[in-house]
Amino acid sequence: MRDRGYVIDGPRGGGKSRLADDSGVHRAAVTRLLQRQSMPDLETMRRLAVVLGVPLRDMLIRSGRLSEDDLPLEPDPDPGADPGAGRRLSPEEAARRMGVPEELRCLFVKVARQFLTEGR
């Protein structure tokens, strides 16, 4: 957050307020997150990741919600190729690989699809 210019240690809390405004997250939620009083939901993490320029995968791992084993990166078969041209996991495959219980997979897939752009 500091690297992105958000002064979160200041006594006036200006950086927290600006981060909240920029991400569309309530200021109290940002404060609770920084004080480690709560764990943000996926939508909050997604919004913060966008504003901070951090991949959502990294946010999930850094927060402790998931491990690198839960979200493995596929080896790049051709390092010179377009990174967007590789095979992408379907939400169903991601749920399976992450060990989402079967009774929750439908919900996981529905939520995951909300974050995917059309045509992917």
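Arg-18 is placed over the face of Tyr-6, 4.3 Å from the ring centre, a charge being taken to sit over a ring if NZ of Lys or CZ of Arg is within 6 Å of the ring centre and within 35 degrees of the ring normal. The model is predicted, so that local features need pLDDT of at least 70 and side-chain atom pairs count only at pLDDT 80 or more, while totals for chains, interfaces and linings use all residues. Residues are numbered from 1 along each chain as its sequence is written, and side-chain values use heavy atoms, with hydrogens and water left out.

Arg-18 also forms a salt bridge with Asp-22 (3.7 Å, N to O), the term denoting a side-chain nitrogen of Lys or Arg within 4 Å of a carboxyl oxygen of Asp or Glu. Both residues belong to helix H1 (residues 14–23), where they are four residues apart, about one turn of the helix; helices (H or I, at least four residues) are DSSP runs, numbered from the N terminus, as are strands (E, at least two). Arg-18 is partly exposed at 38% relative accessibility, as is Asp-22 at 43%, where buried means under 20% relative accessible area, exposed over 50%, and partly exposed in between (1.4 Å probe, protein chains only).

By this rule seven salt bridges are counted. In one of them, the closest N and O atoms of Glu-92 and Arg-113 are 2.5 Å apart, and this pair links distant parts of the chain, with Glu-92 in helix H5 (residues 91–98) and Arg-113 in helix H6 (residues 102–114), 21 residues apart. Arg-97 and Glu-93 form another, at 2.9 Å between the closest N and O atoms; Arg-97 is partly exposed at 33%, whereas Glu-93 is buried at 17%.
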